[in-house]
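Subject: Structure for your review

Dear colleague,

Please find below the structure that I am handing over to you. My notes on it follow.

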Amino acid sequence: MKAVNESIQTKEPSAHEYIKAVHKKVRDRNPGEPEFLQAAWEVFSSLQPVFEQHPEYVEEGILERISEPERFIAFRVTWEDDAGNVHVNRGYRVQFNSTLGPFKGGLRFHPTLTGSVVKFLGFEQIFKNALTGLPIGGGKGGADFDPKGRSDREIMRFCQSFMTELSRHIGPDIDVPAGDIGVGKREIGYLFGQYKRIRNAFEAGVFTGKNPDNGGSLIRKEATGYGTVYFVEEMLKGEGLSFEGSRVIVSGSGNVSIYAMEKAIEFGATVVACSDSEGYIYDPEGIDVNTVKRLKEVERKRIYHYLEHHPKARFGKDKSDIWKIPCDIALPCATQNEIGREGAEALVDNGVKAIGEGANMPCDEEAVRILTNNHVLFAPAKAANAGGVAVSAMEMSQNSMRYSWTSEEVDEKLHQVMKNIYRNCIETAEKYGAPGNLIAGANIAGFKKVADAMLEHGLN
Ligand code: NDP
């Protein structure tokens, strides 16, 4: 047990004691990082049966190594607004684990981004990427920059300044970013353009989520939302349920939300509510997703403008009240910790049957406990929203081949990946004594895949 803290080496620690000791180390080493510690514990708390069966993971210090990033980069981003004022933001890239392939994970531009949030997202990404079965490691990045209300030129200048520093750390075989909150096709275009200029090389595989006319994969934009619905459909099927005829709530109205709504509607559901950071809309007749698309993707307007086109819909200012609307299935697709105790209790009281996490860690620890204790089917983020990164890995393959698959081909592969992830989670949960528990199944299956490869690579 060489890897365990000296102070607990007086006797062979049990798997439980080992996990607790590493958890303490992680807490001591990362003070003031609540989101990262929350995400780490969420994984650690599933792993006891794995360590009981695999003492070699303890001997090789896998848990300690996996919870420390290979590299954490923070940098200054200086840029000028249209009025000539100088602004300084902080950029980040965490290169968490490259055991299975190049670091892979999105960039987030949001004023609430901190080192802790980047690390939580990067940590999750390791296991999510492993679950896809594709050769990609885990990373994440972004900046505390707020793109809202900025002109195209300001966005371009920010992206160019950000990439001027980031470019020295990434590459098609090193680290391959993509989008996340606040980073869509427009930002990726500017970032890729600046990378190309600095490197004097057209390395399409350095970025995913590119415009399909310019090296991007078809269905990448839709992949996370569609994938979440494909995963949840599998989970429902297992219980003899389906989207057909169900009432669904989808929080957010961004990339993940829009395509989750689209696919849920295609599967026969009525989506009755969605939101943005300023409130939610409720349309009992069913949200018109094309209106939301136009408002958000083209006009960049707020969600309450929906009422101008659909006057029978209602708007509520408190976005967390969305969880008080009765529904059969809830798909939180906005941001972390958007469902806490109150939201979870309201969902349970209204008879919700299933939750599918489209966003990363949208349910806090207490919410997960309340939902699962009340037998609500629960599809955890690292499995349910892995469709985006799966199609990103397919974009990398297409770029390497200098070839493009059709929408139908990509969508079929995505659907198959999501079915495989579901089956893997179910089988793993069963094997490790937690039948039907997709949280345990996802954490253990993702962890084991990386841990086994780390053993093969030796100490590093
Ligand atoms: P977008 O920026 O496209 O959309 C985010 C949406 O959520 C916006 O509508 C935003 O509103 C809204 N929002 C933010 N905070 C809140 C809140 N507290 N309550 C209600 N709505 C809110 O981001 P994405 O759709 O890309 O990402 C959403 C989530 O999915 C994130 O957790 C991300 O990490 C995760 N994810 C994304 C993937 C992808 O492929 N894009 C892949 C896997 C996970 P507003 O415009 O007002 O800010």
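How many Å separate a polar backbone atom of Gly254 from an oxygen atom of the ligand? The distance is 3.3 Å. Please bear in mind that this is a predicted model.

The side chain of Arg108 places an N or O atom 2.9 Å from an oxygen atom of the ligand. At Asp276, a backbone N or O atom lies 3.4 Å from a nitrogen atom of the ligand. The ligand taken alone exposes 900 Å², and the protein buries 86% of that area.

The shell around the ligand consists of 24 residues, with Asp180, Thr224, Ser277, Arg302 and Asn360 being the closest. Sorted by class, 12 of the shell residues are polar, 7 are charged and 5 are nonpolar. Among the elements that each supply at least two shell residues are the helices α9 (220-237) and α10 (255-266) and the strand β7 (270-276).

As to the domains, the assignment gives domain 1 (6-64), domain 2 (71-216) and domain 3 (221-384). The ligand lies between domain 2 and domain 3, because both give residues to the shell around it.

Domain 1 meets domain 2 through 11 residues of domain 1 in contact with 9 residues of domain 2. Between them these two domains bury about 720 Å², of which 69% is on carbon and sulfur atoms. Their C-alpha centres are 30 Å apart.

With kind regards

Methods. Residues are numbered from 1 along each chain as its sequence is written. This is a predicted model: local features need pLDDT of at least 70, side-chain atom pairs count only at pLDDT 80 or more; totals for chains, interfaces and linings use all residues. Side-chain values use heavy atoms; hydrogens and water are left out. A residue is near a molecule or strand if one of its heavy atoms lies within 4 Å of it. A polar contact is a pair of N or O atoms within 3.5 Å; within protein, one must be able to donate a hydrogen and the other to accept it, and residues adjacent in sequence count only if both atoms are side-chain atoms. Accessible areas come from the Shrake-Rupley method with a 1.4 Å probe; for residues, only the protein chains shown count as cover. Helices (H or I, at least four residues) and strands (E, at least two) are DSSP runs, numbered from the N terminus. Ala, Val, Leu, Ile, Met, Phe, Trp, Tyr, Cys and Pro count as nonpolar, Asp, Glu, Lys and Arg as charged, and the others, Gly among them, as polar. Domain bounds come from an automatic or database domain assignment. Contact means heavy atoms within 4.5 Å. Buried area is the accessible area (1.4 Å probe) that two parts lose on being put together, summed over both.
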